[in-house]
Amino acid sequence: VGIVGEVGAGKTCLVKALLGELRPPTNTFTKSSNIRTAYCDQTPVIFNSTVRANVLFGLPMDEPLYFECIHSSCLQEDINSFADNDLTEIGEHGVNLSGGQRARLAFARCLYHAKYNDHHENRTIHRVAIFDDPLSAVDVDVAHKMFTRGLLDQGKGLTRILVVSSHMHLLEKADMIISLSKNGQMKDSGTYKEIFHLDHANSGKDPVQSLVASPDLCHLSEV
């Protein structure tokens, strides 16, 4: 599910409400106890420890899953350049990492926590991964790799919610897009083709280019 909207439309507030950190104005939203949610914050939380510890974030090590998450997040090349690879110490708040590296580290952590299997769990769990605009911190090529490897491939079996403010072309792969207006109301929802059909048919322009060029589109602006 892609969430889009103009700046100040309340995309992050919607995410916080889904996480239970904001209270809806009416009692219309309930969260099942059988849902496990992993969250990638718009401002990544990085603590003073190793790269590996920041990905695991308290969970036990599952090596195949861990290295798959590193690959999905395009972190392997960065790790190879660090003095102690993934055992390199990161400063408080990730001061010795770039913005893109912090976003990719948080992306890897979210995937790891969403996909980690607790063999002591004796009930059916529905897994949800929420990503609050991590792709805006990386370039087009890296964003495409993270989206394909992380959300489409490794993320199979998860309910994936992605807030997007750039790289709009990736929304073509979304099962559903929710567009918010400036007052925080849902403006539109549907598949990429459903939302952009009229704009494309009427203008003859590529809908992605129309989206990027016009922040005031009646159907969609940004996730």
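Predicted model: local features only at pLDDT ≥ 70, side-chain atom pairs only at ≥ 80, totals over all residues.
1. The expected span of a helix is taken here as 1.5 Å times one less than its number of residues, and helices (H or I, at least four residues) and strands (E, at least two) are DSSP runs numbered from the N terminus.

2. Residues are numbered from 1 along each chain as its sequence is written, and side-chain values use heavy atoms, with hydrogens and water left out.

3. Helix α5 is mostly covered, 13 of its 17 residues being buried (under 20% relative accessible area, with exposed over 50% and partly exposed in between, for a 1.4 Å probe and protein chains only).

4. α3 passes α5 in a right-handed crossing (the near helix turned clockwise from the far one by less than a right angle; left-handed if anticlockwise). Contact, meaning heavy atoms within 4.5 Å, is made by Leu65, Tyr66, Cys69 and Ser72 of α3 and by Phe107, Ala108, Leu111, Tyr112 and Lys115 of α5.

5. Asp133, in the loop between β3 (126-132) and α6 (140-154), has a positive phi of about 60°, and Asp133 counts as buried because its relative accessibility is 9%. His167, in the loop between β4 (159-163) and β5 (177-180), has phi near 55° and is likewise buried, at 13% relative accessibility.
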